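Hi,

Here is the structure I promised to pass on. Have a look first, and my notes follow below.

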Amino acid sequence: MRPPVKRDSSPATADDIKMALLEAHYDQNHRGRLMAEEKKVFTPLRLRSHEAHDEEKMEYDDRYTEYIERLGLLPFITLVTRSTPAMNPCAITALVDRWRPETHTFHLGCGEMTVTLQDVSMILALPISGAPLCFSTNSKGWRDSMRSLIGCAPLVKDMPAGAPYTWISLRYKRCPELATKEVVQQYARAYVWYVISRTLFADSGGRNAPYMWLKALTSWDSKISWGTAALAYLYRQLDETCRRSDPQACIGGPLLLLSVWMWTRLLVGRPDVLPHDDWDEYGMRQCRPTWAFLYDKVEPYVGKTKTMYKYYSNEFDSLTPGMVNWEPYGKAENFARIYEFDLNPQCTAEAHLWRIQCPLICLYAVEYHLPQRVMTQFGLFQETPPEWKDTSIDLHR
C-alpha cells in the first residue's frame with residue numbers, strides 16, 4: 001500500500017494508512033496509472049460475452065422450463081436467449097480503466113460508483129438468497145461425470161475439462177420429440193450450460209464451455225445464489241482486466257449487466273434506443289422482462305476505435321455528480337415503475353438483501369460487496385470517508 005501523504009512530520013496513524021487506498025500490488029500494472037504516469041497507449045479490450053439466442057445453434061424446448069425454473073434461472077434464461085443488445089467495447093474499456101480492486105468501485109470525478117446486488121436483481125433477475133456457488137473445481141474424471149449429466153462427452157484427448165460450443169450445439173441443438181424424461185433433462189442441462197457459459201461466466205477463451213459450470217447444474221434443486229456468484233465473477237474480471245495491458249487483452253463475465261448498468265446511470269457511451277419487439281411472457285410472471293428490456297434494441301456502436309476510446313476516457317474524466325443518474329430505478333413510491341411493460345417480479349423480490357455487506361463467492365473467486373461506499377446509489381446519505389473494509393490482496397491471487 002502506498003504510504004499516506006502527510007502535511008506535517010508526524011508519523012502515520014492507522015486511520016491515515018486506511019485512507020491510502022492505492023495498493024502498490026495493483027497499482028504497478030494498473031492501466032489507469034500506466035496511462036497517466038507513464039503515458040502508455042492502450043487499445044480497447046476485446047469483449048468475451050457471446051450471444052445465446054441463435055436458434056440455428058440451440059433451440060429452446062418448452063420441456064426445459066420446469067427444470068430451469070427449479071434452478072432459479074428462468075427470468076435470466078428468458079432474457080438472454082431472446083436477444084442481447086450490441087455492446088460498446090470502447091466505453092466499457094474506458095470504464096474498466098477506472099476500476100479499483102481495493103474498493104471494488106469505479107473511481108470517477110463524480111465520486112465512487114459500482115455494480116451492486118440491486119443492479120443484479122433489476123437487470124438480470126438472478127436470485128440472491130441461497131447457497132453459495134462453491135465446490136471443488138478438480139476436474140479428475142470429468143468425462144465420466146459429464147456422461148452422467150448430459151449423456152456423452154467429447155472424445156478428443158488432451159483437451160481442457162469441458163466442451164467446445166460447436167460440439168454442444170451440434171449434439172444438443174434440438175431435443176428429440178419422443179425423448180424420455182431423463183433425456184430431456186440431459187438436453188435441458190446442456191442448454192443451460194451453453195447459455196450461462198456464454199453470457200454469465202464467459203472467460204477469455206471464448207471457444208469452450210468449462211466443465212465446472214456444468215457441474216454447478218448437477219442438481220435442479222440446489223438453490224444456488226446465482227446473483228452473488230455473477231457479481232463475484234464480474235468483480236474478479238474487473239480486478240484482473242484493469243491490470244491487463246496486452247493488445248489482445250479481453251474481459252469476460254456478465255457484460256450485459258455491466259453495459260446496462262452503465263447506460264442507465266451515465267451518459268458516456270449510452271446508445272440510441274430503437275423500438276423493441278413485443279415480449280411474450282408465455283403466461284408466466286417469471287418470464288416477464290427485466291430492466292434490461294429498456295435496451296433490448298440499440299444502435300450498434302460505430303466509430304474509429306482509438307478515437308472513440310480516447311473520447312469516452314475524456315468524458316469519464318469530466319463527469320460531475322449532476323451528470324449522473326444516481327437512482328435510475330426510481331425513488332420511493334415510484335421505484336421500479338415502468339409504463340412500457342410489466343417488470344419481472346424477481347427484480348424486486350429480494351430488495352431487503354441489496355445493501356448487505358458480505359463476501360460474494362463464485363468457486364475460486366471471493367469478492368466483497370461494499371454498498372457502504374456507494375450509498376448515494378440507494379438514495380441515502382454517503383458518509384465520507386465510508387466504513388473501511390480490506391478487500392484482501394490474498395483473495396485476489
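Predicted model: local features only at pLDDT ≥ 70, side-chain atom pairs only at ≥ 80, totals over all residues.

Let me start with a helix pair: H6 (residues 89–96) and H13 (residues 255–265) pack at an angle of about 85 degrees, their axes 11 Å apart. That makes H6 and H13 roughly perpendicular, because angles from 65 to 115 degrees count as such. Ala91, Ile92 and Leu95 of H6 make the contact (heavy atoms within 4.5 Å) with Leu258, Ser259, Trp261 and Met262 of H13. By type, that is 6 nonpolar residues, 1 polar and no charged.

Numbering runs from 1 along each chain as its sequence is written, and side-chain values use heavy atoms, leaving out hydrogens and water.

Next, H8 (residues 142–150). Trp142, Met146, Leu149 and Ile150 are buried there (under 20% relative accessible area, 1.4 Å probe, protein chains only). Seen down the axis, the buried residues of H8 fall within an arc of 70 degrees, so they line one face of the helix. Asp144 and Ser148, on the other side of H8, are exposed (over 50%). The cover over the buried residues of H8 includes strand E5 (162–164) and helices H9 (165–172), H10 (181–199) and H11 (211–215). After H8 comes Gly151, with a positive phi near 95 degrees.

Finally, Trp193: leaving aside neighbours within four places in sequence, its contacts include Met146 and Ile150, along with Trp213 and Leu217.

Cheers

Definitions and conventions. Helix = DSSP H or I, 4+ residues; strand = E, 2+ residues; numbered from the N terminus. Arc of directions from axis to C-beta. Axes fitted to C-alpha atoms, helices over the stretch in contact; angles between N-to-C directions. Parallel < 35°, antiparallel > 145°, perpendicular 65-115°, else oblique. Nonpolar A, V, L, I, M, F, W, Y, C, P; charged D, E, K, R; others polar.
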